[in-house]
Amino acid sequence: MKRTLIGLMVLGLAACSEDAPPKPAPTPAAPPPQAAAPTPPPPPVVKPEPPKPDPNKELAARVKRALEGEAKIQAAAIDVTAADGKVTLWGTTTTAAERNRAGSVARKVEGVSAVDNQIKVVKGS
């Protein structure tokens, strides 16, 4: 029995002294993360310029306001266009005097270099 007991002890010691199962091979370490290159600042946001007013439209509007300010002119029946200081009057009036008065008023507006009076005299308009 001593032999059996000694044999079991030897086996127990042998079992305890066995090496642990091999550990898996270590994976190669990833290189340390490099500091990211600084990103360039975003380009400055350029706000679009507001559209510049059309000088021709402004001149036509000034002439139209001058015509509307005249009590003896039916300005609602007159359209105004302008190009490089030259103003053209379009539309109808009831008398030649009203037509001539509209041309005279347009000539007095600052910025007007010439007036092309295309207003037609129509009785009853």
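The largest nonpolar core in this predicted model has 18 residues, and Val-63, Leu-67, Val-87 and Leu-89 touch the most other members. At least two residues of this core come from each of five elements: helix 2 (55-68), strand 1 (78-83), strand 2 (86-93), helix 3 (96-107) and strand 3 (114-121). Helix 2 gives the largest share, four residues.

Take Val-63 from that group. Which residues does Val-63 contact, leaving aside its neighbours within four places in sequence? They are Val-80, Val-87, Leu-89, Ala-106, Val-109 and Val-112. Two of these, Val-87 and Leu-89, were also named among the residues that touch the most other core members.

Asn-117 lies in strand 3, one of the elements that supply the core. Is Asn-117 buried or exposed? Its relative accessible area is 14%, and the cut-off for buried is under 20%, so Asn-117 counts as buried. A polar atom of the Asn-117 side chain lies 3.1 Å from the backbone nitrogen of Ile-119. Beyond four places in sequence, Asn-117 is in contact with Leu-89, Arg-99 and Gly-103. Leu-89 is on the contact list of Val-63 as well.

Last, Asp-84. You will find Asp-84 in the loop between strand 1 and strand 2. Its phi is positive, about 55 degrees, although Asp-84 is not a glycine. Why does Asp-84 count as exposed? Its relative accessibility is 75%, and exposed means over 50%, so Asp-84 falls in that class.

Note on methods:
Residues numbered from 1 in each chain as written. Predicted model: local features only at pLDDT ≥ 70, side-chain atom pairs only at ≥ 80, totals over all residues. Heavy atoms only, no water. Core = buried A, V, L, I, M, F, W, Y, C linked by side-chain atoms within 4.5 Å. Buried < 20%, exposed > 50% of the residue type's maximum accessible area, 1.4 Å probe, protein only. Contact = heavy atoms within 4.5 Å. Polar contact = N/O pair within 3.5 Å; in protein donor to acceptor, adjacent residues only side chain to side chain.
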